[in-house]
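Here is a quick tour of a two-chain model, starting with the overall build of one chain and then moving to where the chains meet.

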Amino acid sequence: MATANGSEAAQGLRMIAPPLVYAILMLAIPLLTILTYSFLTDGYQTIIREFTLENYRAVWGDPIFRTLMLRSLFVAGLVTLVTVVLAFPVAYFLSFVVAPRHKAVWIFLITIPFWTSYLIRVFLWKVILGYNGVINSGLKSLGIIEQPLSFLLYNTGSIVVTLAHAYAPFAILPIYVALEKIDRSLLEAGRDLGESRLMTFWRVTLPLAMPGVLAAVLIVFIPTIGDYVTPTLIGGGKIPMVANLIQAQMLDIDNKPLGSAIAVTAMAIVGVLALVFLFLNRRFLKVRQ
Amino acid sequence: MNARNPMPVAREGGPARDEHGRPTPIETRRVMIECRDVHKYYGDYHALRGIDLTIREAEFFSLLGPSGCGKTTLLRTIAGFEDISSGVVLIDGKDMANVPANVRPTNMVFQSYAIFPHLTVAENVAFGLRRDPRSRAEKAAAVEEALAMVGLRGYGARAAHALSGGQRQRVALARALILKPKVLLLDEPLSALDRKMREQMQVELIKLQRQVGITFVLVTHDQEEALVMSDRIAVMFEGEIAQLSFAEELYTRPASRRVADFIGVMNFLPARVLGDTATGVRVDVPGFGEFEVPAANVSRADAGDKGPSVGFRPEAVTLLTRDAPAPDRETPGVIEEIVYYGDMSYYDVRLDGSARFDGQGHPIRISMRNVFGRDLPDLGTRTRVSWSPGSVILFR
């Protein structure tokens, strides 16, 4: 029996070996490198192998880091809020209104934006919102404005719009899955027990959809905190987020230990937030056997 | 257990009583549900084809039929989950057209029980009490009382998903009954339970119905369940009510061959109608010979393309021991098959001359209670079958 288990384990190990090697090479080693760098001392165009906590002290004492970290959290929070609030009705429509035989087509349509690269989707918003962009030239040709509107681009609002669009399918799909799992007779039971459609939604549908909503929150929130492309292109460099700061330290200023310390700190903050969400999620997940 | 002889239990509501405390006969009670010429179409599919029925106060009523007969659709139109295409549904005298499910005086026990998985047992039971003006403590007491009524005292704090099937069903019952509906609708509530649990719940439901005195409307495809539990039963086929009568009448005097076939076991034999008499109809049946079927036992509903036939229940005929005299008529035959069930056995007997009409043998099925110490007849032996014309039904 033990040998059978052993060979089974060996077989399993062989099967996961390629992705394991990939994960070690491309994820674990770079992460460990960054972690190591963050405790080393910076020298001119080199790294001095000398243990120090100075980088972390610098990060925590740096008002720029604090501002950019808070801005990143704020922007990511806003993007998450906008994305999830807009995604919920779409997921609800998909689950409750669309006929079962048409659902596959709708899901297919929702994933169409993924056919182009993330970079191009972000750049597209620059084309739409820009000084000579679609909106401005459209309004100008209609004679509504004389001078192009300059507040469309290069601000927090445009970053939020761009990221919310880019992450919409990531929010729609988990919420849709959670809604699909709801036994429809529960909604009839809610009505049968005297509640209106709206109250049934509030007391039955929404609580049962919460695991999907929390999954959507995590999936949108975590990657948007560290987003680099959108603040650069859509923010025009005027509204840098924490990823831009890391990039500057790593490459422009060439202080890799400090850049690593910023990255590790940001990761730790995101990690703590994710754990809080998971804890919340478990409360709701308890519901599902 | 006879559903019309109530047991002495504490009562909350229910129908008017006579001076002995017995409920008044169902026919004289107030009408609780009335359907008049109810039709329901799903596109081209005609699911309900002119349903007319009245269900009365504190009655245990069953809608019985094979799957797809429209019984669940009818229940859902009463609950308000389905609109009707034409006709009228009245509950306690009020027209239910444009009355949504959440304001109807009905509550439902769903086939899946529909227990809210994100709530505790007590929260499930209290779900419908949100707008109840009573204080929090009074509501909690009402919840505990409702749980006690279904045998779940002290289960309030449990998570709903930790319950067994039978417990879920009890929670569903408590959740509906706490709202004191005028009508409780039950959609195949026992079909998910194992046999033993199902039989236990049947008895408990009967007791509960008598205790609360609420009209129960049960949907089931199980004819035995309907007979055990109901005062009256509506048998449905293809969106129509084939027969609506008391359980006993349904079993002993089925209105058509199809109903007779659906309810219990029925022997059918081809018959030749010889002529009407003042008291019944004279028939000739292979194996039984010529005899007169009493007028009350003649069904003119649907002989169909099979031609006239007679039917009788397996327990309406008996095997005679070697020399016992027959109380009425007797006819000889051979035991072709024996099916042993422990407490009783089925005997398939080919009567002499049973192939007289069509050349086919028509073995009849006879059920006999097994008595301790008495030898069972052997397979292949000749026997005598005792019967009486009064227990034979003619379908012509």
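## Overall build of chain A

Chain A has a radius of gyration of 24 Å, while a compact globule of 289 residues would sit near 19 Å (taken over C-alpha atoms; the globule rule is 2.2 Å times the number of residues to the power 0.38). Its C-alpha trace spans about 80 × 75 × 35 Å along the principal axes. Chain A has 12 helices and 2 strands (DSSP runs: H or I of at least four residues, E of at least two, numbered from the N terminus).

## About the model

This is a predicted model, where local features need pLDDT of at least 70 and side-chain atom pairs pLDDT 80 or more, while totals for chains, interfaces and linings use all residues. Residues count from 1 along each chain as written, chains are lettered from A and ligands numbered from 1 in written order, and side-chain values use heavy atoms, leaving out hydrogens and water.

## Where A meets B

On the chain A side, 20 residues are in contact with 23 of chain B (heavy atoms within 4.5 Å). Asp192(A), Leu193(A) and Arg203(A) supply 33% of the area chain A buries against chain B, more than any other three residues (accessible area, 1.4 Å probe, lost on putting two parts together, summed over both).

There are 2 salt bridges between the chains (side-chain nitrogen of Lys or Arg within 4 Å of a carboxyl oxygen of Asp or Glu). Glu195(A) forms a salt bridge with Arg130(B), with the closest N and O atoms 2.5 Å apart. Helix 8 (184-192) and helix 9 (197-225) of chain A each bring at least two residues to the side touching chain B, and helix 8 gives the most, with 7 residues.
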